[in-house]
Amino acid sequence: MSTLSRRAWLRTTGLGLGATAALPGLLPAAEMARVLGNPSYPDMLAQLERDVTTARRAAGPIRLSFNENPFGMSPRAKDALMSSWAQHTWYMPPIRQEIRRTFAQHVGVPEDHVLVTQGSSEVLGILAMAYALEGGEIVAPWPTFEDLPRWGETLRATVHKVPLDQHLDHDLYTMDAKIGSGTKLVFVCNPNNPTSNLADDKALREFVSNVARRTPVIVDEAYFDFVDVPGHKSMVDLVLKGEQVIVSRTASKIHGLAGLRVGFAVARPDIIARLQQYVTGDANVFGLHAANASLQDVEYQTFVKQKNAEGRKLLLDTLARLGKKAAPSQTNFVFFQSGKPVQQLQRHFESKGFLIGRAFPPYTDWCRVSIGTPEEMRQFVTELPAALA
Ligand SMILES: Cc1ncc(COP(=O)(O)O)c(C=O)c1O
């Protein structure tokens with residue numbers, strides 16, 4: 001990378017040259033290799049972990065509030081982003097086709113089963129437009145990720161928000177009972193946000209298959225990459241069986257690209273063609289290059305998953321020791337019953353340098369905490385006893 005492009009990179013990271021000279025872990029892989037004398041990739045990731053923790057602390061309160069990836073994008077994704085510089089002036093850059101191919105291979109479907117979007121939120125918005133523009137009904141669990149229900153309401157569909165059951169699981173029986181001739185879409189989120197838990201695979205699979213005979217079902221798998229259950233399978237295989245199922249995935253979570261806005265829908269080609277009509281624009285070229293590289297950077301994904309599991313275990317173990325009930329998280333966040341109004345905890349933690357999640361009614365004495373770096377989580381758990389006392 002030239003000095004000029006390195007400066008440009010440093011500006012985009014919001015760091016001056018001085019700061020990054022001391023934090024080489026924030027550099028793209030090629031530049032890090034030059035500065036550190038060709039370390040192995042695991043050594044680069046260890047450097048990233050140390051330096052990102054320092055940089056996040058220096059940037060203000062530590063964000064454990066939006067289920068973001070504290071490590072940001074992979075060093076190899078940074079390389080790809082930097083080397084795509086010339087293409088930022090182009091319409092229809094070849095990376096649009098390339099990433100479709102890469103993602104299709106990643107999930108094991110033909111390319112015509114994939115739509116690349118501006119974040120997976122866009123998948124949810126265009127689904128609502130494609131199916132509920134003329135009203136009708138949408139069935140969704142509650143609480144869940146709000147975008148699809150919100151889009152439905154904006155389009156004046158009737159949204160049936162079916163409360164989770166006492167185990168914080170989707171109440172599939174009641175959801176099924178709400179589905180009628182006016183239902184245009186059914187939403188499930190697995191693992192669910194804000195509750196973090198994974199549905200029973202057999203029960204959810206049967207539900208999705210059954211419902212898809214009557215109405216399209218969207219399965220939001222934004223947190224799929226963090227699931228640690230051996231043999232856990234995506235619902236993409238139902239798409240391949242030709243069912244009316246749409247799976248959404250994102251580059252925002254394990255790939256750390258939330259601000260660059262890249263997401264994916266996987267569905268039958270006729271459904272992809274229908275959704276395509278409602279797409280409002282293209283994902284940006286830098287995001288596409290970074291996501292394309294990150295999808296192929298298996299070492300980085302494994303690193304993020306392991307570090308997330310480490311921080312998550314520390315938090316869950318501490319909560320268990322403090323006698324607090326927590327959902328069995330399979331995501332990059334933990335949902336637990338603090339017994340206090342969440343606003344009170346937010347204020348407490350902000351005064352200690354941490355931002356935590358907002359309230360998710362009706363679970364107003366529960367709290368959602370996103371997993372930061374292991375060092376951040378070690379600091380966070382030392383604050384927990386006083387905060388929960
Ligand atoms: C379950 C779920 N789906 C989708 C999204 C949207 O992600 P993005 O639009 O960044 O892909 C989020 C974001 O937090 C989420 O929690």
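Colleague: At roughly what angle do the axes of helix H3 (residues 29–36) and helix H5 (residues 75–83) cross?

Modeller: This is a predicted model, where local features need pLDDT of at least 70 and side-chain atom pairs count only at pLDDT 80 or more, while totals for chains, interfaces and linings use all residues. Residues are numbered from 1 along each chain as its sequence is written. Helices (H or I, at least four residues) and strands (E, at least two) are DSSP runs numbered from the N terminus. With axes as lines fitted to C-alpha atoms, for helices over the stretch in contact, and angles from 0 to 180 degrees between N-to-C directions, the axes of H3 and H5 come within 7 Å and cross at roughly 115 degrees.

Colleague: How is H3 placed to H5, roughly parallel or roughly perpendicular?

Modeller: Angles under 35 degrees count as roughly parallel, over 145 as roughly antiparallel, 65 to 115 as roughly perpendicular and the rest as oblique. The crossing angle of roughly 115 degrees therefore makes H3, relative to H5, roughly perpendicular.

Colleague: Which residues of H5 meet H3?

Modeller: Contact here requires C-beta atoms, placed from the backbone, within 7 Å. From H3, the residues involved are Ala29, Ala30 and Met32, and these meet, in H5, Pro75, Arg76, Lys78 and Asp79.

Colleague: Is Leu322 buried, exposed or partly exposed?

Modeller: Leu322 is found in the loop between helix H14 (298–321) and strand E9 (333–337). A residue is buried if 20 or more other C-beta atoms, placed from the backbone, lie within 10 Å of its own, exposed if 12 or fewer, and partly exposed in between. Leu322 has 15 other C-beta atoms within 10 Å, and so is partly exposed.

Colleague: What distance separates the C-alpha atoms of Leu322 and Leu388?

Modeller: Not counting residues up to four places away in sequence, Leu322 touches Leu384, Pro385 and Leu388. Although Leu322 and Leu388 are 66 residues apart along the chain, their C-alpha atoms are separated by 8.6 Å.

Colleague: With which residues is Val245 in contact, leaving aside its neighbours within four places in sequence?

Modeller: A nonpolar core is a set of buried Ala, Val, Leu, Ile, Met, Phe, Trp, Tyr and Cys residues joined through C-beta atoms within 7 Å. Val245 is one of the residues that touch the most other members of the largest such core, which has 64 residues. Apart from those sequence neighbours, Val245 is in contact with Val208, Ala212, Val217, Val219, Met235, Leu238 and Val239.

Key
Two residues are in contact if their C-beta atoms, placed from the backbone, lie within 7 Å.
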